[in-house]
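Reader: Before I use this model in my own calculations, I would like to go through its fold and a few individual residues with you. Could you show me the sequence and the coordinates?

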Amino acid sequence: MRIKFLGTGAAEGIPAINCDCAHCVRARQEGGNLVRARNALIFSLPRYELLIDTPPDIRSLLFKNKVRRIDGIFITHAHHDHSGGLEEFLYWKAEVDLFAEPAVYEALQRENWGDRLPEIAFHCAFHPGMAVRFDGFFFTPFAVCHTVPCFGLVLYEGGRKIVYTSDTSNRFSNYAYCLMKQADLLIISTPRFSPPHDGHITSIEAVELKERVGAKHLILTHFNHHNRPYDELAKWAQEQSGITIAYDGMEILV
Ligand SMILES: [Zn+2]
Ligand SMILES: [Zn+2]
Ligand SMILES: [Zn+2]
C-alpha cells in the first residue's frame with residue numbers, strides 16, 4: 001500500500017498567517033519541509049484511492065501532487081481544517097464516495113453545504129466498529145475524543161494493519177486500544193510536542209502510545225507552529241527507533 005501525505009500541518013498551517021514566531025519566520029524564509037499545508041493524506045488501496053479529509057488547501061495539494069484519481073473521501077470530522085475544501089469536489093469530473101459518520105455528515109450539511117452536499121459526493125454512512133468491506137481490504141472506523149464528533153480508522157490490507165487517529169486527545173476507549181494493538185503502522189496527529197496540551201495528544205505522548213500498544217512504526221503528522229520545526233523533529237525521531245516525521249509530499253510504501 002502506498003501512503004501519500006499531501007498536507008501535514010494543523011489548523012493554522014505553517015507559516016501561520018500573520019505570525020512572526022521564530023518557526024513561522026524560518027518557514028517563510030527557508031521553505032522546504034518547514035512549510036506545512038493543512039492535513040490530508042491518500043491511501044492507495046487495491047483498485048481504490050482513499051483520500052482522508054479535505055482541508056481548505058486541497059485544490060492546490062491535489063494539483064501539486066498530480067493527483068488525478070480519487071475514489072472516495074473519508075471525512076474524520078467537520079472542523080474547517082479537515083473539511084473546508086470539500087466543495088472543490090463539485091468540480092471533480094467523476095463520482096466520489098463520501099465516508100462520513102451521520103453526526104459528521106449532519107454537521108457538514110448544517111454548517112457548510114446544506115442540501116447541496118449530495119451534489120458534491122455520494123454519502124456512504126458508517127458507524128464506528130463496523131467493517132466497511134471493499135474488494136480485497138476493509139477499514140473499521142472508531143470514535144476518538146475531540147471537541148466535535150471525530151473518527152479515526154484502522155485499515156486492514158494484505159495482512160497489515162494501519163491506524164490513523166485524526167485529531168484526538170490522549171484519552172482512548174479500550175476498544176480503540178484493541179484496534180491499535182500491534183499495528184504495523186500508527187499515524188497520529190500531534191499539533192504540539194509535549195504536554196500539557198488540552199485536547200490534543202502531543203508528540204511525546206504518541207511515542208508512549210506506540211510503546212503501549214506495541215505498534216511497529218509511528219508516523220507523526222498535523223503539526224502546528226508551537227511544535228518544533230521539521231529538522232529538529234526529524235533529528236529527535238532519528239535518535240529513537242520506528243518513528244518518522246511526516247512532511248508535505250512524503251510518500252511511503254507499507
Ligand atoms: Zn485538525
Ligand atoms: Zn508562528
Ligand atoms: Zn479538529
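Reader: How many helices and strands are in the protein?

Author: This is a predicted model, in which local features need pLDDT of at least 70 and side-chain atom pairs count only at pLDDT 80 or more, while totals for chains, interfaces and linings use all residues. Residues are numbered from 1 along each chain as its sequence is written, and chains are lettered from A and ligands numbered from 1 in the order in which they are written. Helices (H or I, at least four residues) and strands (E, at least two) are taken as DSSP runs numbered from the N terminus. On that basis the protein has 14 strands and eight helices.

Reader: What radius of gyration does the protein have, and why does it agree with a compact globule?

Author: The C-alpha atoms fill a box of roughly 45 × 40 × 30 Å along the principal axes. The radius of gyration is taken over C-alpha atoms, and the globule rule is 2.2 Å times the number of residues to the power 0.38. For 254 residues that rule gives a value near 18 Å, which agrees with the radius of the protein, 17 Å.

Reader: Which residues have the most contacts inside the largest nonpolar core?

Author: A residue counts as buried if 20 or more other C-beta atoms lie within 10 Å of its own, as exposed if 12 or fewer do, and as partly exposed in between, with C-beta atoms placed from the backbone; 44% of the 254 residues are buried by this criterion. A nonpolar core is a set of buried Ala, Val, Leu, Ile, Met, Phe, Trp, Tyr and Cys residues joined through C-beta atoms within 7 Å. The largest such core has 66 residues, and those with the most contacts inside it are Ile73, Val163, Leu186 and Leu218.

Reader: Is Phe138 buried, exposed or partly exposed?

Author: Phe138 lies in strand 8 (residues 137-144). Contacts are pairs whose C-beta atoms, placed from the backbone, lie within 7 Å, and, not counting residues up to four places away in sequence, Phe138 touches Ala131, Val132, Arg133 and Tyr156. Because 15 other C-beta atoms lie within 10 Å, Phe138 is partly exposed.

Reader: Where is Pro196, and what is the omega of the peptide bond from Pro195?

Author: Pro196 is found in the loop between strand 11 and helix 7. The peptide bond from Pro195 to Pro196 is cis, with omega near 0°.

Reader: Phi of Asp53 and phi of Lys66 are positive; is Asp53 buried or exposed, and is Lys66 buried or exposed?

Author: Asp53 has phi near 70° and lies in the loop between strand 3 (48-52) and helix 2 (58-64), whereas Lys66 has phi near 50° and lies in the loop between helix 2 and strand 4 (72-74). With 27 other C-beta atoms within 10 Å, Asp53 is buried. With 6 other C-beta atoms within 10 Å, Lys66 is exposed.

Key:
Contact = placed C-beta atoms within 7 Å.
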